Amino acid sequence: MAAVLPPVKRQKVYHGVPEPPQELPNPSPNVVVHFVNEDDGAPIAPAVNLPANVARESLEALVNQLRTKDDDEHVPYAFHVALPADASKGDAPTRIVISKSIEADVLGHPSLAFSEEDVLVVRCAPQSVFKVRPATRCSSTLSGHSSPILCASFSPTGALLATGSGDTHVRLWDLNTETPSHTLVGHTGWVLCVEWDPLERKLASGGHDGQVRLWDPKTGKPTGEAMKGHTKWVTSLAWEPLHLNPSAPRLASSSKDGTVRVWSSLTRKLEYTLGGHTASVNVVKWGGGGKGGRGVLYTASSDRTVRVWDPHGGKQLMVLNDHAHWVTTLALSTDFVLRTGPFDHTGKRPASNEEARELALKRYEGLVNRSPELLISGSDDHTLFLWSLFSSGSTSVGGGGKPKPVTRLTGHQRQVSHVAFSPDGRWAASAGWDSAVRLWDCSGSQGSGNLGKFVATLRGHVGPVYRLTWSADSRMVVSASKDATVKIWDLKTYKLKVDLPGHLDEVYCVDFVTDKIVSGGRDRTLKMCALPIRLPPFGLKCVVRWKN
C-alpha cells in the first residue's frame with residue numbers, strides 16, 4: 001500500500017490576508033571604542049571592538065570591569081562623544097550623550113558625523129552614587145509672608161528653610177510638617193538675603209536697612225544686637241568655610257555703599273572693611289583656596305571689576321577688570337561643598353567641631369584635587385569669564401602680571417542674571433534676561449582647551465530667567481523665571497524634564513537641597529516640591545523624606 005502524505009498545512013490568514021513574512025533584524029555593525037576620562041582625557045583602557053547596539057547600561061558595566069583600580073565599588077558613569085567643530089551649528093549641543101546605545105545615539109545622529117569606520121572616543125564622567133528623582137508636582141503651598149518673597153535658602157542638611165520678604169520678616173519653616181516654625185522680627189526694611197552657617201547653628205540675614213543680623217534657628221531669637229555699619233542696603237552674605245574655622249566662622253557682607261565688611265560671629269564686632277570698590281558691591285564669595293589654602297574673598301561690583309582679597313587682614317590680591325559692564329553674579333566650583341560643610345548623602349552628623357572640620361576638609365579636598373577651585377563672573381555685558389586664579393598654571397599673585405581668564409563664555413543675548421556650578425564642579429549653568437539657560441563644561445584640565453566649552457542652550461522660558469539651582473547629584477538644573485514657572489532640565493537630553501507651574505506671578509528665588517525644591521516670588525507664597533531620592537545599590541545609606 002502506498003504511503004499517504006499528510007495534508008498540506010493550511011496557511012494562516014489575518015482577515016483574509018496571508019501572514020507577511022517575518023523580517024529579519026538588521027545586523028548591527030561593530031565599532032572600535034576608546035574609553036577616556038572626561039577630566040583629563042586619559043585612557044581608561046585600550047580600545048575595544050564592540051557591537052554598536054550594546055546598551056548604555058552594558059557600557060557602564062564594561063567600563064567598571066576595565067578600570068585598573070582595585071576597589072570593588074561600582075561607579076555609575078555618563079557617556080558622551082564630542083561633535084566635530086564643523087558638525088555643531090549655532091546653539092545646538094556640542095556633544096552627543098549616549099542614553100540608549102552607540103548605534104542609536106551616535107551612528108544615528110542627524111549630523112551623520114560618525115560612521116562604523118571611525119574610532120569613537122567615548123568620554124566617561126563618573127556620577128554621584130545616589131540619584132535624585134525629578135519632582136512632578138508641587139506638594140504644598142506655604143503662605144505667611146505679606147509681601148513678595150525675595151530670598152530662600154535651605155539649611156545644609158535640608159531640614160530647615162529660611163525665607164526673607166519685603167514684609168521685613170525672616171521666616172523659618174519646619175519641613176517635616178511644612179509649617180512655619182518661627183518668625184524672626186528685627187529688620188526695618190526688605191530682607192534681601194539669608195545665609196546659613198555650614199553647621200546649621202546660626203542664620204544670617206541682611207536687609208534694605210543696611211543691617212546684618214544673626215539668629216538662633218532653634219529658638220527663633222536674635223543673637224545679640226544688629227551689626228550696623230553699612231550706609232546702604234546689604235546685597236549678599238558669605239560665611240567663612242567650615243574647614244578653615246569650625247568653632248567661630250566669620251561672616252562677610254557686601255553692600256550698595258561700595259564696601260565689604262567682615263564680622264566676628266562671636267562678638268558681632270567688625271574686624272575690618274574692604275573699601276577698594278568705587279560702586280555697589282553686588283556679590284561676595286568666601287572661597288576655601290587662596291595662598292596656602294587659607295581662604296580667599298571674591299567681590300564683584302558695579303564698577304566693572306572683580307577683586308580678590310586675603311581674608312586675614314583684608315589685603316587686596318588681584319583686580320580682575322575684563323568686564324565691560326556691571327558684574328552682577330559670581331559662582332565658585334566649590335560652592336556646594338562649602339555650603340553643606342560636613343553633611344553629605346550618608347546623613348552622618350559630626351559629634352564635635354574637630355570632626356566637622358575633618359569631614360568638611362575631606363569633601364573639599366576631594367573636589368579640588370581633581371580640579372582647582374574655579375570662579376565664574378557674570379556681567380551685564382552679556383558675557384561671563386572663567387577664572388582659575390590659584391592653580392599652578394595661572395599667573396602668580398606676586399608675579400606682577402595681570403591675571404588672565406581661562407576663557408570668555410559668550411552666547412547670551414542680554415544681561416546675565418545668575419550663574420551656578422553643579423555640586424560636582426563639572427558643569428556650570430548661566431541664566432540671562434534673554435530667557436535662556438546655557439550649559440558650560442568645566443570638567444577639563446586648564447590646558448586641554450575644553451575648560452569652559454559651551455555644551456547646550458536650554459530654551460523653554462518665555463521671560464527672563466532670574467535664578468538657578470542644581471540637584472545634589474548634578475544630573476538636573478532648576479530655573480526660576482519672570483514667566484511664573486519653575487522648570488527642571490535633564491542633563492542627559494538637554495531638554496525640559498518637568499515644568500512646575502503654580503505661581504501666579506514672577507518667581508524671584510529657588511533652592512534645591514537633598515530631596516525638595518522650594519520657590520518663592522511676587523505672589524507672596526512658597527511652593528514646595530517633594531523629590532524622592534533613589535537609594536543607591538551599593539550599601540550606602542541615605543536619609544530621605546518621602547512625600548506622596
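How far does the backbone oxygen of Pro 249 lie from a polar atom of the side chain of Ser 265? The two are 2.7 Å apart, within the 3.5 Å limit for a pair of N or O atoms to be a polar contact, where one must be able to donate a hydrogen and the other to accept it.

## About the model

This is a predicted model, in which local features need pLDDT of at least 70, side-chain atom pairs count only at pLDDT 80 or more, and totals for chains, interfaces and linings use all residues. Residues are numbered from 1 along each chain as its sequence is written, and side-chain values use heavy atoms, with hydrogens and water left out.

## Around Ser 265

Look for Ser 265 in the loop between β20 (260–263) and β21 (270–274). Ser 265 has a relative accessible area of 5%, so it is buried (buried means under 20%, exposed over 50%, partly exposed in between, with a 1.4 Å probe and protein chains only). Beyond its neighbours within four places in sequence, its contacts include Trp 239 and Pro 249 (heavy atoms within 4.5 Å).

## Aromatic pairs

The structure holds 6 aromatic pairs. The ring centres of Phe 385 and Trp 387 are 5.9 Å apart with planes at 45°, so this pair is tilted (centres within 6.5 Å make a pair, using the six-membered ring of Trp; planes under 30 degrees apart are stacked, over 60 edge-to-face, the rest tilted). Phe 385 is buried at 6% relative accessibility, and Trp 387 is buried at 1%.

Trp 433 and Tyr 466 form an edge-to-face pair, because their planes stand at 65° with centres 5.7 Å apart. Trp 433 is partly exposed at 33%, whereas Tyr 466 is buried at 14%. Elsewhere, ring pairs link Phe 35, Tyr 77 and Phe 79 into a cluster.

How values were computed:
Helix = DSSP H or I, 4+ residues; strand = E, 2+ residues; numbered from the N terminus.
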